[in-house]
Amino acid sequence: MRSEALTASPDGRGDPLSGRRVLVLISGSIAAVKLPQLVSALVQRGAQVRCVLSPSAEQLVSAVALASLSRSPCHVDADQWSHRAARPLHIELAEWAEVVLLAPLSATSLARWVHGMADTLLASTLMACEVPVLAAPAMNSAMWAAPAVRRNWRELQSWERVLPLEPGSGLLACDRVGDGRMASPELLLLALESVVLAGCRRDWQGRRLLVSAGPTREPLDPARCLTNPSTGRMGVLLAQAARLRGATVDLVHGPLAVDPEWLEGLHCYPVGTAAAMEAALERLQGGADAIAMAAAVADHRRRTPVPTKLPKQALADALRSEWEAVPDLLAGLVRRRPPGQVILGFAAQSGEVLEQARAKFARKGCDLLFANPIDRAGAGFAAPDNEGWLLGPGDRERHFGPTGKLALAHQLLSALAEALALRAPLPVPVTADP
Ligand code: CTP
């Protein structure tokens, strides 16, 4: 766990977690040992934090450490009823919270919650909460696969105000490799920020989104390449925000400079060159309901590859004569688009944005185009914030930002979902007449 990654928001313009009242509920899974550092990161990002430990979590993590790191008493079962308290503690905590982080969520706490049992401080607090809950299970892979847990987890998917964050796969503390590993603290923070910005909406459930992100890298020779300063941040945040809103996401990406944990839960296809990106996009396009083409594709590449490093003079000659244009991948996607698919393009502009964007929108033929300036302080490549114009059907033009890239990702996803609903509404479930 890298502490600098935990304490920096992906959104630069006013950290959305700052000043928020975050209630952290910790139940009995060994992943609980990751929570003290996460609590500390929340406090460093300006959140007010209070913690509750379930009886099993008390065995795994120190209440004293959590109290110290959260700058607030850490509550355990023995505190629930006291003749010194004017109001029940679980009600007080539930009413205090603006957002709840339930991590790790054990099989037992999941069962208690789903079946409406309020027999611990953690369970009764959770039941009394009327605010969004980010729930991150962690358990052994056989337990995670057990029919009772599957049923309880499925039940949770339809609950309003709950964002169920699927655990990942990996080496578990029991030495098994498999599903059941809690989402990383870096992703939990990103998801919590997403809940603060966009709530627990699951409007992308049942949809598949294909996203491209990052730069491509065109080799000049084995030692040099042509690329650009894109970090992939906008595309990755768009992909993860869509996943949190229920989408299945394929991410085709060049070399990225973002937290690797932000890729958890996405289907990733790393590529180097524009040709490799084109091939991956072509392969995946057919299954996608929508595409967001956020990659900064290189405009030119060498005509013929060279196997050995060029001496300086030969390189200078090659730079003069050896180039060809990279085909426009977005234009290819638009040409091959199946009925109902919606495509969002991006436009990186310097100077006057809107006029150039209008021309590009007309030229590219995509459904939506987000044009952003790359020459303004604090926006564009690598910056945590962004702003720009979203151009859509019927000459619709909307200005977004300046705002954090995660907030912007949510706004773009809403616009994309709107366009998608018009083009290809999700089938309405058929219900039998009573
Ligand atoms: N794009 C693409 N293939 C390329 C170049 C760009 O698919 N070879 C896509 C980008 O992913 C983006 C959109 O086209 O969604 C606009 O990219 P941008 O770099 O702004 O524009 P260009 O088409 O490269 O035009 P110019 O460089 O002249 O501004």
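Pockets and nonpolar cores in a predicted model

The second largest pocket of this predicted model has a volume of about 420 Å³.

Q: What makes a residue part of the lining of the second largest pocket, and which lie nearest its centre?
A: A lining residue has an atom within 4 Å of a point of the pocket. The second largest pocket is lined by 28 residues, and Ser 29, Ile 30, Ala 31, Ala 138 and Met 139 lie nearest its centre. Two or more lining residues come from each of helix H3 (55-60), helix H6 (107-114) and strand S8 (177-181). The largest share, four residues, is from H6.

Q: What space lies in the largest pocket, and which residues are closest to its centre?
A: The largest pocket holds about 780 Å³ of space. Among its 35 lining residues, Ala 295, Ala 296, Val 297, Phe 346 and Ala 348 are the closest to the centre. By class, this lining has 18 nonpolar, ten polar and seven charged residues.

Q: Which residues have the most contacts inside the largest nonpolar core?
A: They are Val 24, Leu 42, Leu 134, Leu 188, Trp 204 and Leu 412, in a core of 79 residues. Helix H16 (residues 405-423) gives the most to this core, ten residues.

Q: Why is this core said to lie between domain 1 and domain 2?
A: Domain 1 (21-198) and domain 2 (208-423) both give residues to this core, so the core lies between them.

Methods: Residues are numbered from 1 along each chain as its sequence is written. This is a predicted model: local features need pLDDT of at least 70, side-chain atom pairs count only at pLDDT 80 or more; totals for chains, interfaces and linings use all residues. Side-chain values use heavy atoms; hydrogens and water are left out. On a 1 Å grid over the protein atoms alone, a cavity is a set of points where a 1.4 Å probe fits but cannot get out, and a pocket is an open set with protein on both sides within 12 Å along at least five of seven lines; lining residues have an atom within 4 Å of a point. Grid points are joined across faces, edges and corners, and a volume is the space filled by probe spheres set on the points. Ala, Val, Leu, Ile, Met, Phe, Trp, Tyr, Cys and Pro count as nonpolar, Asp, Glu, Lys and Arg as charged, and the others, Gly among them, as polar. A nonpolar core is a set of buried Ala, Val, Leu, Ile, Met, Phe, Trp, Tyr and Cys residues joined through side-chain atoms within 4.5 Å. Buried means under 20% relative accessible area, exposed over 50%, partly exposed in between (1.4 Å probe, protein chains only). Domain bounds come from an automatic or database domain assignment.
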